[in-house]
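Here's a quick briefing to read with the structure open beside you. Take the topics one at a time and find each residue as you go.

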Amino acid sequence: MPSYVITGVSKGLGFEFLRQISSTNNTVIGLARDVAATKKRVNEELSGRTNIHILHGDLNDYETLQKAAAETADITGGSLDYLIANASHISYWDSYDPIGTLAQDPKRLEKELTEHYRATVLGNINLYASFIPLILKGQVKKVIAISTGLSDLDITNQLELELAPLYAIAKAGLNMMTAKFSAQYRKEGVLFMNVCPGVVDVGHSRNTTPAQMASLMTMREKFQTYAPHFKGPATPEESVRDVISVWERASIEKGDAGHLVSHFGDKQFL
Ligand SMILES: NC(=O)c1ccc[n+]([C@@H]2O[C@H](COP(=O)([O-])OP(=O)(O)OC[C@H]3O[C@@H](n4cnc5c(N)ncnc54)[C@H](OP(=O)(O)O)[C@@H]3O)[C@@H](O)[C@H]2O)c1
C-alpha cells in the first residue's frame, strides 16, 4: 500500500487528510508541531489505526524536517509515495485589510510578511528537499502543495481580491517554488503541483468582529458574481475528498506538472 507524509495534521484539513487517507491500509505519517496533543487526538478519534505515525515537524525548524525524513525512511523502508505540504502559517492580521492599509504599519508588515514567507516558502523548500530522496525511491512520486486560489493572478485581477494580501503573496511564492521543483524533478517522474482546497470551514472566522465580518461579506459578494452556485464554505470532509480526487487524476503526462489548480482540478476556484 502507498505511503504518505502530510504536514500540519493537528487540526483542520490536515487532520481530515490523516483521517481519510488512513481509513484504508495506507501508511500515513503525519507531521505536527505539538506531537503529544496530536497523538492524543488521534487516539481519541482514530483509535486502533496502527497505520498512523505522528512525527515532529515544524516548517520553521530545518532539523525537525530532516529528522522526520530519517524517521519516515525507518518506517517505510526508505521510500515515500506522496508528500502533502498542507501546513501553513496562519495569521489573522492581514485577513481583513487591503495591502495599502497594512503598509501604513511598516514594522508590523515586515514582521508578518517575514513569518509568512519563512514558513510557507522557505519552510516548504526545506520540506521538499528533506523528502525528495525518499520520493525518488517511491512508486507514485507525487508532491502536492495545498495552496489557495487567492494566489492566482487571474482571479485576483478579475475580482479585485484585496483581502489576505500577505498570505496570498506567500502562497504565490509557494506556487513558484513548487514549479521550480517540478522543473528540476519531472524528468525523474515526480509530479509536483499546487492544489487549492476551495473555501472550507475550519473555524477561522469564529471570532470575527462585525467590521471584519463586513470585509468578508464584501469578498463573499465577489465570489457570488464569479460563481453564482457558490453557497458558502465546504466541510473539511468534502474538500479533502475533492483534493484527493484531483491529485489521483493528475499526472505529468496530462500536463499537470507545476500548475496551480482548484479542488475541481481546473482554474474554476469556486
Ligand atoms: N480553510 C480554507 O478555506 C483554506 C482555503 C485555501 C487554502 N487553505 C490551505 O489549506 C491548508 C490547511 O489549512 P487549514 O484551513 O486546515 O488551517 P488550520 O486549521 O489553521 O491548520 C493549519 C495547520 O498548519 C500547521 N502549522 C502552522 N504553522 C506551522 C509551522 N510553522 N510548521 C508546521 N505546521 C504549521 C498548524 O499547526 P498548529 O496546530 O501547530 O498551529 C495546523 O496543523 C493550508 O495550506 C491553507 O493555506 C485553506
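Let's start with Gly203, which is buried, because its relative accessible area is 16% and buried means under 20%. Keep in mind that you're looking at a predicted model.

- You'll find Gly203 in the loop between β6 and α8 (210-226).
- How far apart in space are Gly203 and Met193? They're ten residues apart in sequence, and from C-alpha to C-alpha the gap is 26 Å.
- Ser22 also sits in a loop, the one between α1 and β2.
- Is Ser22 buried or exposed? Ser22 counts as buried, because its relative accessible area is 3% and the cut-off is under 20%.
- The side chain of Ser22 has a polar atom 2.7 Å from the backbone oxygen of Leu18, and this side chain also reaches the backbone oxygen of Arg19 at 3.3 Å.
- Leaving out residues up to four places away in sequence, Ser22 touches Val28, Arg49, Asn51 and Ile52.

**The sheet**

- Seven strands make up an open sheet, and the pairing is parallel. Reading across, the order is β3-β2-β1-β4-β5-β6-β7.
- Which strands are at the edges? They're β3 and β7 (260-261), and each of them pairs on one side only.
- As a bit of background, strands of a sheet pair through backbone hydrogen bonds, either parallel or antiparallel.
- Now look at β4: three bridges join β1 to β4, and four bridges join β4 to β5.
- Val5 stands opposite Leu83 in β4, Ile84 stands opposite Ile144 in β5, and Ala85 stands opposite Ala145 in β5.
- In a regular strand, side chains alternate between the two faces of the sheet.
- In β4, Tyr82 and Ile84 point one way while Leu83 and Ala85 point the other way, and all are buried.
- What lies across β1, β2, β3 and β5? That's α1, which runs at about 165 degrees to β1.

**The nonpolar cores**

- The largest nonpolar core has 31 residues. Inside this core, the residues with the most contacts are Ile6, Phe17, Leu18, Ile21, Met193 and Trp247.
- Several elements each supply at least two residues of this core, among them β1 (3-7), α1 (12-21), β4 (82-85), β6 (191-195) and α9 (236-249).
- Apart from that core lies another one of 27 residues, including Leu59, Leu134, Met177 and Tyr185.
- Not counting residues up to four places away in sequence, its contacts include Phe17, Leu18, Ile21, Val28 and Ile84.

**Around the ligand**

- How many residues surround the ligand? There are 25, and the closest are Ser10, Leu13, Arg33, Asn86 and Tyr167.
- Arg33 has a polar side-chain atom 2.7 Å from an oxygen atom of the ligand.
- The side chain of Lys171 has an N or O atom 2.8 Å from an oxygen atom of the ligand.
- For Lys11, the distance from a side-chain N or O atom to an oxygen atom of the ligand is 3.3 Å.
- Asn86, one of the closest residues to the ligand, is also touched by Ile6.

Methods
Residues are numbered from 1 along each chain as its sequence is written. This is a predicted model: local features need pLDDT of at least 70, side-chain atom pairs count only at pLDDT 80 or more; totals for chains, interfaces and linings use all residues. Side-chain values use heavy atoms; hydrogens and water are left out. A nonpolar core is a set of buried Ala, Val, Leu, Ile, Met, Phe, Trp, Tyr and Cys residues joined through side-chain atoms within 4.5 Å. Buried means under 20% relative accessible area, exposed over 50%, partly exposed in between (1.4 Å probe, protein chains only). Contact means heavy atoms within 4.5 Å. Two strands pair if DSSP finds at least two bridges between them. Axes are lines fitted to C-alpha atoms, for helices over the stretch in contact, and angles run from 0 to 180 degrees between N-to-C directions. A residue is near a molecule or strand if one of its heavy atoms lies within 4 Å of it. A polar contact is a pair of N or O atoms within 3.5 Å; within protein, one must be able to donate a hydrogen and the other to accept it, and residues adjacent in sequence count only if both atoms are side-chain atoms.
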